[in-house]
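Please look over the sequence and the model shown here before reading on.

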Amino acid sequence: MGVLPQPSASSESLVLRIWPCGETSVIASLLTQDHGYVKVIAKAARRPNSRLRALVEPGRLVSAEFSLDPSRELQYLRGGSVEKDPLGPGSTLEDSAFLQGALELVDRCRPHGGGSDDQDDHDPTAELFAICDAFIRVLSSRSCPHPDLAFFVFEWELLVSHGMAPEVAGCTACGLPPAEVSELTMWFSPAEGGLICGDCSRGDGVSSGKPLSLDALQIFESMAERQLDLADDIPFERPLRREIGAHLHNFLGYHLPGYRLPAALELLRARKDPNR
Ligand SMILES: [Zn+2]
């Protein structure tokens, strides 16, 4: 009796979540570059010498080989290799918290649709994979001085991929350019979709959001222009970090269904600000 060739695939993948299964196996949820979300079972991956063991650690970028049988909900993980491990030697508690936060967001805010059935080859899961891939690579390079900033870029890109990029090229209500807005009090408003000038924030029916500092505006501008070099040790002190984090948190909460502050970041915030 011959063995039929099994349909299979090989794809760059991000390990999102894992669950133990049976005595020694692991089920892993993957976000793959080429096949969207795929759930795999890694047989005997909890045995010490399993070659699959290293491939099912959450947060790792792996090149994975798995079965691709459309009639099955669970595919078999067959092998592969680790591409990036953001929690390798030299990583910090902070790296771990931002990584967990990102994985949680990706798991919760899944794009609708998926596959590539529509116009202009827009594949939301492939785009999401690219955003995750960039974030994990930055986090894995120990030369990144600001994992927090890398995470904020990740959040910004998440908004962009959902068609919710914050508008920072001028007041969203009256169109006043940033240079002139910044002479007034500036606001950042999720309901208005971004930057808003002091005059407009006082107008009728405008939800004004929260005050925006010039430093925060500059960071947002470089995010919008994809000009932020995360290897640069730009000054990023705690008040600015808190401001940026709060603005993005409000914006995500307003625009992304299913969003809430990731538990890992809640912990980090509690640890950093005991007197809050
Ligand atoms: Zn205005």
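This is a predicted model: local features need pLDDT of at least 70, side-chain atom pairs count only at pLDDT 80 or more; totals for chains, interfaces and linings use all residues.

Residues are numbered from 1 along each chain as its sequence is written.

The protein has 8 helices and 8 strands; helices (H or I, at least four residues) and strands (E, at least two) are DSSP runs, numbered from the N terminus. Of its 276 residues, 34% are buried. A residue is buried if 20 or more other C-beta atoms lie within 10 Å of its own, exposed if 12 or fewer, and partly exposed in between, with C-beta atoms placed from the backbone.

In soluble globular proteins, nonpolar side chains tend to be buried together. A nonpolar core is a set of buried Ala, Val, Leu, Ile, Met, Phe, Trp, Tyr and Cys residues joined through C-beta atoms within 7 Å. The largest one here has 64 residues, and those with the most contacts inside it include Leu77, Ala102 and Cys132. Helix α3 (residues 147-161) gives the most to this core, 8 residues. At least three core residues come from each of domain 1 (8-84) and domain 2 (93-112 + 122-272), the bounds being taken from an automatic or database domain assignment.

Next, the helix pair. The axes of α1 (residues 93-108) and α2 (residues 124-140) come within 11 Å and cross at roughly 175°. The two helices are therefore roughly antiparallel, a term for angles over 145 degrees. Axes are lines fitted to C-alpha atoms, for helices over the stretch in contact, and angles run from 0 to 180 degrees between N-to-C directions. From α1, Asp95, Phe98, Leu99, Ala102 and Val106 meet Leu128, Cys132, Phe135 and Leu139 of α2; residues are in contact if their C-beta atoms, placed from the backbone, lie within 7 Å.

Gly101 is also found in helix α1. This glycine is buried, with 21 other C-beta atoms within 10 Å. Leaving aside neighbours within four places in sequence, Gly101 is in contact with Phe151, Pro262, Ala264 and Leu265.

Two loop residues remain. Ala44, in the loop between β3 (36-42) and β4 (61-67), has a positive phi of about 60° although it is not a glycine. Arg226, in the loop between α6 (214-224) and α7 (238-255), has a positive phi of about 55°. Ala44 is partly exposed, with 15 C-beta neighbours inside 10 Å, whereas Arg226 is exposed, with 10.

Technical notes:
Angles under 35 degrees count as roughly parallel, over 145 as roughly antiparallel, 65 to 115 as roughly perpendicular and the rest as oblique. Two residues are in contact if their C-beta atoms, placed from the backbone, lie within 7 Å.
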